[in-house]
Amino acid sequence: MKKIVSLAIVLLALGAGVSAQNYNADANKAQKKETREAIKEKASKEAKKSAKQMAKEGWKPLPGTEALEKQMQNSMLASYERTNGMPAYIMGQGTAIAANIDAARNVARKRAIANIAENLGTAVASITESTDSNVELTTGEVETINKTMTSSQQFFQREIGQTTDVVQAYREKGNKVEVLITKSYDGGRAQQAIMKAFEKESAELRAKLEKKMKGE
C-alpha cells in the first residue's frame, strides 16, 4: 500500500512538473508573439517614414516590384529578426548609376553583396564583444577573430551564394538612372561561410566562435 501511495505522489509531482513546463512554454510563446507584434508595428512605422523620405528624394520602386513602403517594411523586419546569437539575416546595400536600369542594377547588386561581406564582420564583432554568452574569449582570440574576418572579405564575397533582393528602387539622375538594391543573406548560411574561413584556426577557437554564434 505504501508503495502505491508513494508512486501516486511521484506521478502527481511529475504531472505538476509537466503542467508547469506547459505553462512556461505557453508563457514564452505568448511573449515571443507579443515581441514579434511589437517589432512588426515598429517596422511598419519606420517603413512608412522611410518610404516617404525616399519618395521626396525621387526614389521609385523598380518596375514589377512592390511599393516602397512594403519593400522597406520587409527589409526592416529581416534586419530585426535574430536567431540565437547571430542575426537571422545579414543585410547589405548597394547603389550604382548607369545609362539604363539593368546595367545599374547589376552593379548595385554586386556592391550589396560586398556590403554583406563587410556586415558579416560587424555581426561577428558584436557577438565577440557580447557578455550574454557563457563563452569567454581571450584578448588574443578576439584579435585573431577580427583579423581573420577582415582578411576574408574577398573570400566571403565569393562564398556568398543565394541572396534575396528586399529593396529595389531607382531614380533619374540627369540622362542616367541610379538604382538602389538592399539584399538579405540567410544567417545560417552566413555562419557556415564564417566557420569555413576559420578552417586553419585551432579547434578550440572554432568551437568557441561557433558557440558564440549559436548564443550558447
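This is a predicted model: local features need pLDDT of at least 70, side-chain atom pairs count only at pLDDT 80 or more; totals for chains, interfaces and linings use all residues.
1. Axes here are lines fitted to C-alpha atoms, for helices over the stretch in contact, with angles running from 0 to 180 degrees between N-to-C directions. On the H4 side the contact uses Glu141, Thr144 and Ile145, and on the H7 side Glu204, Leu205, Lys208 and Leu209; contact means heavy atoms within 4.5 Å. By type, that contact has three nonpolar residues, one polar and three charged.

2. Residues are numbered from 1 along each chain as its sequence is written, and side-chain values use heavy atoms, with hydrogens and water left out.

3. Now the overall layout. The chain has seven helices and six strands, in the sequence pattern α-β-α-β-β-β-α-α-α-β-β-α-α. Helices (H or I, at least four residues) and strands (E, at least two) are DSSP runs, numbered from the N terminus. Of the 216 residues, 35% are buried, where buried means under 20% relative accessible area, exposed over 50%, and partly exposed in between (1.4 Å probe, protein chains only). Among contacts between residues at least 6 apart in sequence, 70% join residues at least 24 apart.

4. On to the sheet. Four strands form an open sheet in the order S1-S5-S6-S4, with antiparallel pairing. Strand S1 (60-61) and strand S4 (89-98) are the edges, each pairing on one side only. Two strands pair if DSSP finds at least two bridges between them. S5 (residues 164-173) and S6 pair over nine bridges, whereas two bridges join S1 to S5.

5. Some landmarks for finding your way across those strands: Val167 has Thr182 in S6 as its bridge partner, and Glu172 stands opposite Val177 in S6. Pro61 stands opposite Ala169 in S5. The hairpin of S5 and S6 has two residues between the strands, and Gly174 there takes a positive phi near 70 degrees.

6. Which helices lie across these strands? Helix H2 (residues 68-80) lies across S1, S4, S5 and S6, at about 135 degrees to S5. H3 lies across S4, S5 and S6, at about 145 degrees to S4.

7. Next, the nonpolar cores, each a set of buried Ala, Val, Leu, Ile, Met, Phe, Trp, Tyr and Cys residues joined through side-chain atoms within 4.5 Å. The largest has 23 residues, and those with the most contacts inside it are Ile90, Ile145, Met149, Phe156, Ile194 and Leu209. Helices H3 (101-129), H4 (139-151), H6 (187-197) and H7 (203-214) each supply at least two of its residues, and H3 gives the most, with six. There's a second, separate core of 14 residues, including Ala43, Ala47, Leu68 and Ala169.

8. Apart from neighbours within four places in sequence, Ile145 is in contact with Val124, Thr128, Leu137, Phe198, Leu205 and Leu209. Leu209, in helix H7, counts as buried because its relative accessible area is 1%. Leu209 and Ile127 are 82 residues apart in sequence and 8.9 Å apart in space, C-alpha to C-alpha.

9. Is Ser184 buried or exposed? Ser184, in strand S6 (residues 176-186), has 7% relative accessibility, so it counts as buried. Leaving aside neighbours within four places in sequence, Ser184 is in contact with Tyr89, Ile90, Met91, Thr163, Thr164 and Val166.

10. Last one: Gln191 in helix H6. At 17% relative accessible area, Gln191 is buried too. Not counting residues up to four places away in sequence, Gln191 touches Met86, Met213 and Lys214.

Technical notes
Ala, Val, Leu, Ile, Met, Phe, Trp, Tyr, Cys and Pro count as nonpolar, Asp, Glu, Lys and Arg as charged, and the others, Gly among them, as polar.
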